[in-house]
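Me: Please take a close look at one part of this model, namely its pockets. A connected account with the criteria stated would be appreciated.

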Amino acid sequence: MAVSIFIDGEAGTTGLQIRERLTGRDDVSLISLGADERKDTEARRRALNSADLSILCLPDSAAVEAVSLIENPDAKVIDASTAHRVDNDWVYGFPELSAGHEEAVRHARFVTNPGCYPTGAIGLIRPLVENALLPADHPITVNAISGYSGGGKALIQSMEDTNSADHVSANVFAYGLNLQHKHLPEMQQYSMLEHAPVFQPSVGRYYKGMAVYVPLHLWALKVGISAARIHECLSDHYSGHLFTKVAPLDESASLARLNPEEQNDTNMIRFYVFANEKSGHCMLAATLDNLGKGASGAAVQNMNLMLGLEESLGLSYKRAA
């Protein structure tokens, strides 16, 4: 029997991408509201309470309101906003986070979908902190670049419409310059860091795809912690997971450039370890589709787990080697 899914906010970028991944599946049925009902509280209340699982693709305040409308104790929720990202009553929707976390997602009623940048950053940092290769109080910097789709409809229009009053002509621009990006709390909490990292995101003139970078000074870590040891730690951590891959060290060493679009149209995240052992410098990197594993793909992966379905249904992992 098909399970019923309601996407609250299905007309937004993330909602449309989730719907695309679910269309054609015979194991789910979509509850959809007409354009005139999407902001009708009672119509949404009925949908939220009749669905087996609802996915909230809403601003934070609207997501909190949506949860308050749910009275059905069996109704499950995935929240794609930042409203519940560091709420201990919600399970963080990164199944690969740590040993046993996939099971936590499977048995959760409330799952908070990770942010796109944190997926890359936490994916690189958490295994190293867990395994004491990186001290929890170590000063961390995270740099990243994303396609402009990550900014939603407003930024997409600003980048694509030359007649827009807010048209952005730059090929690349940095933002979050007040160092208070909304993703910082989850980056810190789920990376197990004692201090929030310095985070500098940028946007490029391309639609989707993301690269996240964490630079490290090997000489500042414990004696004997090498790029090879870091690579081994990441490889062990992600072994056996469908949507996470660690590039071999020799492949990373041979790369002349890293393409942030390389995982587009998949639910993959690929990790790299670049190093100059002579100088003691190491650069960790992650590539992912900001609309895939960074948003909609992650939501569908979590949905599949929460409903006891095959984890990979509706998702692709063909691009990664």
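How much space lies in the second largest pocket, and which residues line it closest to its centre?

Reply: The model is predicted, so that local features require pLDDT of at least 70 and side-chain atom pairs pLDDT 80 or more, while totals for chains, interfaces and linings use all residues. Residues are numbered from 1 along each chain as its sequence is written, and side-chain values use heavy atoms, without hydrogens and water.

The second largest pocket holds about 280 Å³ of space (an open set of points on a 1 Å grid over the protein atoms alone, where a 1.4 Å probe fits, with protein on both sides within 12 Å along at least five of seven lines; lining residues have an atom within 4 Å of a point; points are joined across faces, edges and corners, and the volume is the space filled by probe spheres set on them). Its lining comprises 14 residues, of which Asp8, Gly9, Arg38, Lys39 and Leu58 are the closest to the centre. Strand β1 (residues 3-8) supplies the largest share of this lining, three residues (strands are DSSP runs of E, at least two residues, and helices of H or I, at least four, numbered from the N terminus). By type, the lining of the second largest pocket divides into seven nonpolar, two polar and five charged residues (nonpolar: Ala, Val, Leu, Ile, Met, Phe, Trp, Tyr, Cys and Pro; charged: Asp, Glu, Lys and Arg; polar: the others, including Gly).

The largest pocket contains about 790 Å³ of space. Among its 36 lining residues, Thr14, Gly150, Gly151, Gly152 and Lys182 lie closest to the centre. At least two lining residues come from each of α1 (13-22), α5 (116-130), β7 (141-147), α6 (152-160) and α10 (292-306). The lining of the largest pocket has 13 nonpolar, 19 polar and four charged residues.
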